[in-house]
Structures are given as structure tokens and as C-alpha cells.
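Reader: I have a structure to look through and have not seen it before. Can you take me through it?

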Amino acid sequence: MGIFEFLIGRPLGFIMSLFYSLCNNFSISIILFTLFVTLALMPLDIRQQKTMAKQARLAPKLEALKKKCGDDRQKYQQEMAELYQRENVSLTGGCLVLFIRFPILIGVYGAIRNPLSYILNISSEAIASAKQLLIDIGIGNPNMTELDIIRNVGALGDSVPEVTNAAHQLNFNFLGLDLSQQPDFSINIFKDFQMIWLIPILACVCSLITAILSSYINKKNNPQAKSQLLMMIILGPVLSLIIAFTVPGAVGFYWACSNLFGGILRVVISQIYTPNKINAKTDFKLILKRRKEEELIKEKSKNSAAQQL
């Protein structure tokens, strides 16, 4: 077991197994699990919102620096770094949040794609045997996930009872859809349409809603910022649609839930932590700091005058 799986994958898998034990349905456990992860990462979203508000506050000063520095990019970069340092604003605040979320996202995907290991604690030897058997009979491949194994568990027969018995315990039904299935796209969408296609469509729609909300919130927080191009708004949803057709339905379902819950949470955070509130609090702290500095200067002046007398 790698350090990454030990620190992130296994703990997330354990949490997901707890949700599954409560509802005995994989799709509902994904919903609960996604909601839990979204709320757990809420402090990072709040920090990102505060960073964006502070950066928007500096927008007029940055414009002034551009005019002052002209075409001297090196001088502008230096002046901008000094400005951010004076104002106590992190240049990498938003990026840091993404760096923290990324390994967690990978761990989440691992927990969902490998329910035999994470939820039912099936031995790695049994899973490897099942995978090799599917490869030998021409159904599987070395890159297949545990969801793929479950989807083809009927081909195993009684060869690996530990896996087959466990697979039959998992309930992947979601409104009549089997989330262990992988959508098989076809150009002839009317003749070859499958109900599991609703999962990639759902992932695309949820991603589009999130992209539109994010663009609106960014513009509201920083009116001077350039509006997102339509191509950038639809790029994420299109990628979500394409990727969801290349992974088992459970992964696409998680992605849809993650986008939906994340979008709703960001709207709530943007209403509570508005730029005006954040910047007013920042200004208040600056005022208190300056008053303390002024009082300290006055105190030093009095002490100096008393010593002279």
C-alpha cells in the first residue's frame, strides 16, 4: 500500500463504507459521501472566496501600476509583489486551494472506482485473480477498475467466490440505472440509446450550471475582471460529458453530484462572505493596526520627552 493510498484513499474509503452500511445502496452512499466531502472542503472554499475578494480590492491599484510601469513587465511584477506583500494578500492563495483539493479528489475517485477494496475489504489477491481471469477470457484489460470487474462478475462463475459473493451484495441501482455499467457511446444516438447515457448527460448539465454560476459570481465579486469567454464556460461541461462516457457510471454520477453540491455551496458562500463584508473587515483591522502604531509612537514620544526633562 502506497503512502498516498494509506493517508487519503483508505480513510475516504472507510467513510464511504460507513455511508453504504447506513443505506445499503451505492448511489445513495455516493450522494452522502459527496456531500460530506463538499462540506469538509468548505473551509478551503471560504479561504478562496476571501482571497478573491482581497485581490478584487487591489484591482484599481494594479491598474495604476500598469500605467506607471508601462511596457516594463519585470518592474510591474516586482511592484505587484511588493503591493501584495504590503496588503497581506497571497499571490498563490487560489492555487494553494487547488493543490490541496487535487490529491483529495484523486482519493475520492479511488474510493468510488474500487468498492471491493474500500467498501467490502476484499483481499487484493482475490481481486487480482478475478481481473486476471477476465483478461484471460478476453473480457478484461490491465487497466480495468473494480467496477468493471463487478460489471462482468457473471463471467467469473465460481472461480473467485470471494469476489462474486461480494459483488452480489452491492446494490448499484439508481432510479433503474445500474451505476456499475459504463456508458457505451454510439453515433446513432436514437437507435443505440442506453439509459445509462443519462449519467454523462447529468454530469454535463451539472458542470454547465456550476460554470455559469462561477462566472457570474466572479464577475459580481470583481466587476473590473474580464468576463469568461463562452468557450471557456462550455469547455468544462463538454469534457465532463466526454470523460463520463469513458468511466463507469458511478464515477460520472459522483462527478455530477460533486459539481452540483459544489456549485450550490459556492453560491451560499458568496452570499455570506461578500467582497464588501470581507474588505470592510480588512479595513477595520487596518484601522486598529494604525491606531496601535500611532499610540505606540505617541508613547515613545512621551517617554523621550520625560527623559529629556
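This is a predicted model: local features need pLDDT of at least 70, side-chain atom pairs count only at pLDDT 80 or more; totals for chains, interfaces and linings use all residues.

Reader: What does the secondary structure come to?

Author: The protein has 14 helices and two strands.

Reader: And how many of its residues are buried, as a percentage?

Author: Of the 309 residues in the protein, 39% are buried.

Reader: Now contacts. What share join residues at least 24 apart?

Author: If you take the contacts between residues at least 6 apart in sequence, 70% of them join residues at least 24 apart.

Reader: Different topic. How many salt bridges does the structure hold?

Author: One. It pairs the side chains of Asp-148 and Arg-151, at 3.2 Å from N to O.

Reader: Where do Asp-148 and Arg-151 sit relative to each other?

Author: Both are in helix α9, which covers residues 146-151. They are three residues apart there, so about one helical turn separates them.

Reader: Why would side chains like that pair at all?

Author: Side chains of opposite charge can pair when their charged atoms come close.

Reader: Is Asp-148 buried or exposed?

Author: Asp-148 counts as buried because its relative accessibility is 9%, and the cut-off for buried is under 20%. Arg-151 has a relative accessible area of 35%, so it is partly exposed.

Reader: On to the surface. Which residues form the nonpolar patch?

Author: Leu-208, Ile-212, Ile-234, Leu-235, Val-238, Leu-239, Ile-242 and Ile-243 form it, and together they have about 660 Å² of accessible area. Two elements, α11 (198-221) and α12 (230-244), each give two or more residues to the patch.

Reader: Which one gives the most?

Author: Helix α12 does, with six residues.

Reader: What is Thr-210 in contact with, leaving aside its neighbours in sequence?

Author: Once neighbours within four places in sequence are set aside, Thr-210 has contacts with Asn-259, Leu-260 and Gly-263.

Definitions and conventions
Residues are numbered from 1 along each chain as its sequence is written. Side-chain values use heavy atoms; hydrogens and water are left out. A salt bridge is a side-chain nitrogen of Lys or Arg within 4 Å of a carboxyl oxygen of Asp or Glu. Helices (H or I, at least four residues) and strands (E, at least two) are DSSP runs, numbered from the N terminus. Buried means under 20% relative accessible area, exposed over 50%, partly exposed in between (1.4 Å probe, protein chains only). Patches are made of residues with over 30% relative accessible area and no salt bridge: like charges are joined within 9 Å, nonpolar side chains (Val, Leu, Ile, Met, Phe, Trp, Tyr) within 5 Å. Accessible areas come from the Shrake-Rupley method with a 1.4 Å probe; for residues, only the protein chains shown count as cover. Contact means heavy atoms within 4.5 Å.
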